[in-house]
Amino acid sequence: MQWWCAAQSIPWDWSWRPYPGVWLFIALLCLAYRAFTRGAAPSRLEIARFAGGALVLWVALDWPVGALGSGYLASVHMVQFLLIALLAPPLLIAGLPREALERVRGGRATSVLEFLARPLIALLFFHAIVVATHWPEVVDGLMASQAGSLALDMAWLGGGLAFWWPVVSPIPHRPRFPLGVRICYLIASTVLMTLPYVFLTFAELPFYATYELAPPVGTLSAGEDQRLAGLIMRIGGGTILWTAAGVVFWFWYRSESDPVR
Amino acid sequence: MRAACVAALGAVGLAVFACASPDTAIDRTEGTGELRGLALEQPFEVPEFALTDSRGRRFDFRPETAGSLTLLFFGYTHCPDICPVQMAVLGAALDDLSYADRREIEVVFVTTDPARDTPDRLRDWLDLFDASFIGLSGELETVNEIQAGFHLPPARIEETSPAPGAGEPYLVGHATPIVAVTGDGVARALYPSGVRQTDWRHDLPLLLRLNRSVSQPAGADTRGD
């Protein structure tokens, strides 16, 4: 039995498999939230947002998405990336009450986090992780072991949290990162993600041995699966980022039209 | 300034990603010019044998494949992992060849599960990968004798519960390499499971060149160039 989803050379079937490491991780995440917000009285909306983020993570990491994505289909691996790096982090951050965040400001650990959360640093940090974690040797090397697969998932989550922090979190307040610039930040990300998309979609040969040599699932060839992964990255990632940009624009428009707010 | 440096590093990272390709990623024999498959130190003449193809016709291996580069594989259509991957990778790699080169290559699949691999099933399954792939079947004992002639271990039905033949699924243990046979009937190289499209792309031109040199008189190399 595996504790974390990783590539296996066994044929895929739809029988359920347990991954206790994933359950433990999600449980620890929820316990950490409870401890972090103790005394800060998070609102129901904040709790719902955080729970939504944890749920997205659980879906992405556990059977069947996690199992398929870690060893069988590059397209499902890309779905995992979108869920872990682009969808779960803004929900998790938006679930943190401001009061709890203010309480931990000023420490050494938070100074590192504040450095990572600077918009330009966060943008480049995230996209460096995107490039590194889609590199063939990295993917094939990490997906072969449970620890490696865990490291890849955590890199996506860490990169995603750094990327979304300047957009979603009110702490630290950055007067030089106004809403209009945040929209540019999000659009710049869609542009930066074009490069991996182009190489996945238009490559002549499959990039990843993990998926090219995996026991087949369905009738997709390795090449078709990889092209589908590229399209998922483009369409799914674009949808999330453009939706976020739209939401920020709406806040921006509202603040411009009603300065009192 | 610091931000500009970080930006430059990021740009370099993206540019390096742009330069990555599967060829550079896994080239295990870069610069050697050798086959990525397992070249046989002592190439051997393959046995004469005849089996039945998926149209029910007799297929005499040596005469039917004379002059062609033949890629021969022993497997079965219910195989859950090795066989479909080997065929899919090979089929995709052959798609990259020119028409002239492609015409020089025969892919022959011999079933090690004649009880379940009916001619129709064999044909339908092979068509998933390439309609030109040839499917052959015969008694398992005969197929195992042929495999012995290729120095491959015999196929055997693996013990399952309930017993095979009761209509329940079972697995067949079989050799995994694809054998490359040149047009003079000599086995030259083996391609075990794990060979990728990029490996075939590297080796097929070399194998075709070898095939032309051994199948035709010197100086008569006019095909496919």
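Modeller: Let us begin with contacts. Two residues are in contact if their C-beta atoms, placed from the backbone, lie within 7 Å. Please bear in mind that the model is predicted.

Biologist: Leaving aside neighbours within four places in sequence, with which residues is F109(B) in contact?

Modeller: The partners of F109(B) are F73(B), G75(B), L126(B), F133(B), I134(B), G135(B) and L136(B), once neighbours within four places in sequence are set aside.

Biologist: Which residues have the most contacts inside the largest nonpolar core?

Modeller: F109(B) is one of them, together with L82(A), I84(A), L90(B) and A180(B). This largest nonpolar core has 126 residues. Helix α4 of chain A, residues 74–94, gives the most to the core, namely 15 residues.

Biologist: How many helices and strands are there in chain B, and what share of its residues count as buried?

Modeller: Chain B has eight helices and 10 strands. Of its 225 residues, 38% count as buried. Among contacts in chain B between residues at least 6 apart in sequence, 71% join residues at least 24 apart.

Biologist: What describes a pair of packed helices?

Modeller: Two quantities are used: the angle between the helix axes and the distance between those axes. In chain A, the axes of helix α7 (residues 119–132) and helix α9 (residues 146–168) come within 8 Å and cross at roughly 155°. Angles over 145 degrees count as roughly antiparallel, so α7(A) is roughly antiparallel to α9(A). The crossing of α7(A) and α9(A) is left-handed.

Biologist: Which residues make the contact between α7(A) and α9(A)?

Modeller: From α7(A) come P119(A), A122(A), L123(A), F125(A), F126(A) and I129(A). From α9(A) come A155(A), G159(A), G160(A), A162(A), F163(A), W165(A) and P166(A). By class, the contact of α7(A) with α9(A) has 11 nonpolar residues, two polar and no charged.

Biologist: At what angle do α4(A) and α9(A) pack?

Modeller: The angle between α4(A) and α9(A) is about 45°, and their axes are 8 Å apart. That angle makes α4(A) oblique to α9(A). The crossing of α4(A) and α9(A) is right-handed. On the α4(A) side, the contact comprises F81(A), I84(A), A85(A), L86(A), A88(A), P89(A), P90(A), I93(A) and A94(A). These meet D153(A), W156(A), L157(A), G159(A), G160(A), L161(A), W164(A), W165(A) and V168(A) in α9(A). The contact of α4(A) with α9(A) divides into 15 nonpolar, two polar and one charged residues.

Biologist: How do α4(B) and α8(B) pack, and what is the angle?

Modeller: In chain B, helix α4 (residues 82–95) and helix α8 (residues 197–215) pack at about 50°, with axes 9 Å apart. α4(B) is therefore oblique to α8(B). The crossing of α4(B) and α8(B) is right-handed. V89(B), L90(B), A92(B) and A93(B) of α4(B) make this contact with Q197(B), W200(B), R201(B) and L204(B) of α8(B). Six nonpolar, one polar and one charged residues form the contact of α4(B) with α8(B).

Biologist: Let us turn to the backbone. Is the peptide bond from W63(A) to P64(A) cis or trans?

Modeller: The bond from W63(A) to P64(A) is cis, with omega near 0°. P64(A) is placed in the loop between α2 (44–61) and α3 (65–71) of chain A.

Biologist: Is the phi of A41(A) positive or negative, and is that residue buried or exposed?

Modeller: A41(A) has a positive phi of about 50°, although it is not a glycine. A41(A) lies in the loop between α1 (20–36) and α2 of chain A.

Biologist: Where is H151(B) found?

Modeller: H151(B) is in the loop between α7 (140–149) and β7 (156–157) of chain B. H151(B) also has a positive phi, of about 60°, and is not a glycine. With 14 C-beta neighbours inside 10 Å, H151(B) counts as partly exposed.

Biologist: Is P206(A) buried or exposed?

Modeller: P206(A) is buried, because 26 other C-beta atoms lie within 10 Å. P206(A) is found in the loop between α11 (194–202) and α12 (209–212) of chain A.

Note on methods:
Residues are numbered from 1 along each chain as its sequence is written. Chains are lettered from A and ligands numbered from 1 in the order in which they are written. This is a predicted model: local features need pLDDT of at least 70, side-chain atom pairs count only at pLDDT 80 or more; totals for chains, interfaces and linings use all residues. Axes are lines fitted to C-alpha atoms, for helices over the stretch in contact, and angles run from 0 to 180 degrees between N-to-C directions. Helices (H or I, at least four residues) and strands (E, at least two) are DSSP runs, numbered from the N terminus. Angles under 35 degrees count as roughly parallel, over 145 as roughly antiparallel, 65 to 115 as roughly perpendicular and the rest as oblique. A crossing is left-handed if the near helix is turned anticlockwise from the far one by less than a right angle, and right-handed if clockwise. Ala, Val, Leu, Ile, Met, Phe, Trp, Tyr, Cys and Pro count as nonpolar, Asp, Glu, Lys and Arg as charged, and the others, Gly among them, as polar. A nonpolar core is a set of buried Ala, Val, Leu, Ile, Met, Phe, Trp, Tyr and Cys residues joined through C-beta atoms within 7 Å. A residue is buried if 20 or more other C-beta atoms lie within 10 Å of its own, exposed if 12 or fewer, and partly exposed in between; C-beta atoms are placed from the backbone.
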